[in-house]
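This briefing concerns a sheet, its hairpins and the helix packed on it. Please consult the sequence and structure shown below.

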Amino acid sequence: HGIPEDHATGAAHATVAPYWAARLGKDVIRAEQASTPGGVLRCTMRGPDRVALAGRCAFYMRGTITL
């Protein structure tokens, strides 16, 4: 439909990072999404159920929520 996809999918990496971190015995892993155009993420384990993701991003929107 002409809608560009994310270069790297954070939700997917947050799911697989704990598996690979445990399997490799590391707290920090470098992940690469191999699809075009692809992307690189740094996945840091912050406990057994939390993953911090870091990488390049494109700022595309700013908003304000008023309660």
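β1 and β2 form a hairpin with 5 residues between them, and in its turn Gly38 has a positive phi of about 80 degrees. The model is predicted, so that local features need pLDDT of at least 70 and side-chain atom pairs count only at pLDDT 80 or more, while totals for chains, interfaces and linings use all residues. Residues are numbered from 1 along each chain as its sequence is written, and side-chain values use heavy atoms, with hydrogens and water left out. Helices (H or I, at least four residues) and strands (E, at least two) are DSSP runs, numbered from the N terminus; two strands pair if DSSP finds at least two bridges between them.

**Sheet architecture**

- The sheet is open and consists of 3 strands in the order β1-β2-β3, with antiparallel pairing.
- Its edge strands are β1 (28-33) and β3 (51-54), each of which pairs on one side only.
- On average, neighbouring strands of this sheet are turned by 30 degrees against each other, direction ignored; axes are lines fitted to C-alpha atoms, for helices over the stretch in contact, and angles run from 0 to 180 degrees between N-to-C directions.

**Pairing of β1 with β2**

- Strand β2 comprises residues 39-45 and is joined to β1 by 6 bridges, the two running antiparallel.
- Ala31 stands opposite Leu41 in β2, and Gln33 stands opposite Gly39 in β2.

**Pairing of β2 with β3**

- These two strands run antiparallel and are joined by 4 bridges.
- Arg42 stands opposite Ala54 in β3.
- The hairpin of β2 and β3 has 5 residues between the strands, and Gly47 there takes a positive phi near 110 degrees.

**Helix packing and burial**

- Helix α1 (residues 10-24) packs on the sheet and touches β1, β2 and β3, where contact means heavy atoms within 4.5 Å.
- The direction of α1 makes about 135 degrees with that of β1.
- Of the 7 residues of β2, 5 are buried, and the strand is mostly covered; buried means under 20% relative accessible area, exposed over 50%, and partly exposed in between (1.4 Å probe, protein chains only).
- His13 lies in helix α1 and is buried, with a relative accessible area of 9%.
- Leaving aside neighbours within four places in sequence, His13 is in contact with Ala31, Glu32, Gln33, Leu41, Cys43 and Leu53.
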